[in-house]
Amino acid sequence: MCGIVGYVGERDAGPVLLDCLKRLEYRGYDSAGVGVIQEGRLELRRSAGKILELERVMEQRPLHGRAGIAHTRWATHGRPSAANAHPHSDCASSLAVVHNGIIENHRSLRRALESQGHRFGSETDTEVIPHLIESRRGSIEAATQEAVQELEGDYALGIISRREPEKLVAVRSGGPPLSVGFAPDGFFLTSDASAILPYTREVLSLEEGEMAVLSREGVRLVTFGGRAVDRPPTRVPWDAETAQKGGFPHFMLKEIWEQPRAIRDTWGGRVDLEAGEVRLAELGLEGEALARVRRIVLVACGTSWHASLVGKHVLESLCRIPVEVDVASEYRYRSPIVDPWTLTIAISQSGETADTLGAVRESRARQSMVVAICNVVGSTLAREADGVLYTHAGPEIGVASTKAFTTQLVALDLLAIHMARAKGTLSPEAARTLLHELAEIPCLVEDMLGRAEGLRDLGAALRSSRSVLYLGRGIQYPLALEGALKLKEISYIHAEGYPAGEMKHGPIALIDRAVPVVAIAPQGRLYEKTLSNIEEVRARDGRVIALASEDDREIAGKADHVFRLPRTSELLMPILTAVPLQLLAYYAAVLRGCDVDQPRNLAKSVTVE
Ligand code: AGP
């Protein structure tokens, strides 16, 4: 998820764009750039790092003009650098493009354009766009209309050209949002109204498959097919800060609601549903490298460690390879037994967690191949690993990890299916079934989010508790750990996740009316066992909040409160159970008046030991 903004009008575009870009930094902050048509020439200023860096560059070499575009990046393809920062231009430096989204067929387009003599200067998927437009004839609008017919994927674009210096072209296809702002002295293009609110509140959102042509005279809206569209702008009711949260009270809640999109983006372009194949070219885990794997070690910290525990179930079940999971801070000091036949998988949202990096270096020192599952392109972990499987969750601002967790689970599912197909331990039919179920997950998550209000009341049931016990069995035990961690880190209520079968060996002593029990009990192989653990709690007067399947007729009589879960296969169920656990913790914390986005004593990325 990146931030794009554009302006054409009376004002000096350079300073205006920089000012707006600062309010988009929450969308991505690893590199940035501005492009302006200055005295008939296309001028770009780009830098790695935060917008402050770009500001320094523009102080030394200011930009002045009446039309321009700008971008703040959250890298997906190509590490953060000035060369990979947007805007990207064509061979003749006559046009420039800023882009938010992913061009899924960028590799094949690039090969075709290079064979026609186009020269590329970056590692990004985006750069195919200006070269594609350059290879077309006619006005910037007509050339863009032709070029977008060839693009596959989700994208929002801003385009300027020195051949039509006072014109901006905006394009929206698929998810990434894009709006036009109507100000008294000009027109804006933006990923998010929050960026331009100091200039105007009159905003018109582009629908998917629409283009807008902005000039000093006005704005024209057309479909990709060229049909004119007439739709009035609407007035934005929020202030800038609220808008950055998209109207949500906290980044955490916004990021919980972003999970359907994040999950779609993480498997998008990597799955061939019909063939039942997962393609992970970027991983380099094919042929000999894959055949060599006799054992897998998963290392991580915190929530990413919980994802690793789920990964063990999925990888062992599909690939029939022994999998070990270790907390990175322990692994790095226990002189682990790994060798060239061991695959080390390191999971980290930030890619900068010191203990996880330490664990990776221990594995590398023993010639173990290292694959990273990471959310930040170009992070230290991504650079040090032999292969990287990026989760496309977008920037996660809330300290409590939510969408990064569920996309890590999706990445582990993709990796397991990929390896199992290559090893022949999973049939094409079984893979097809699993992938079709994975494709349905975003809608099932949307269904649960639609019933989130019910969890507010359950959150209220927890708010005054001294301690809460979370129970789960099998692949749901790690989710009990994750549910407990979410509650601990944002509401400061003590909580413990426990394998339900273990409860009678100790924690059952905690059970009374004051210690609520959250039991994760979806239908499946271990349902009956979990049900009997719930009965053990009830027999000692415990209060039970159960997460249970939508068609479970029995649970209502066994629990005080029930939140219904949609059905999917057992291996994918953790992606679904994560969502109500996140919301339960969120509402309990909000009702206790806690600072949900920046809880005490915590940091988003723990870069020290
Ligand atoms: C989770 O909500 C916490 N923010 C924390 O446990 C986190 O998961 C841990 O610090 C690991 O971070 P990473 O995924 O960036 O490596």
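**Loops and a helix pair**

Author: S93 counts as partly exposed, because its relative accessibility is 35% (buried is under 20%, exposed over 50% and partly exposed in between, with a 1.4 Å probe and protein chains only). The model is predicted, so local features need pLDDT of at least 70 and side-chain atom pairs pLDDT 80 or more, while totals for chains, interfaces and linings use all residues. Residues are numbered from 1 along each chain as its sequence is written, and side-chain values use heavy atoms, without hydrogens or water.

S93 sits in the loop between β5 and β6 (95-103); strands are DSSP runs of E with at least two residues, helices are runs of H or I with at least four, and both are numbered from the N terminus. The phi of S93 is positive, near 45 degrees. Most residues other than glycine have a negative phi, and most peptide bonds are trans.

For packing, take α8 (residues 259-267) and α15 (residues 428-449): their axes come within 9 Å and cross at roughly 175 degrees. Axes are lines fitted to C-alpha atoms over the stretch in contact, with angles from 0 to 180 degrees between N-to-C directions. The two helices are therefore roughly antiparallel (over 145 degrees; under 35 is roughly parallel, 65 to 115 roughly perpendicular and the rest oblique). From α8, residues including I263 and W267 meet α15 residues, among them L438 and L449, where contact means heavy atoms within 4.5 Å.
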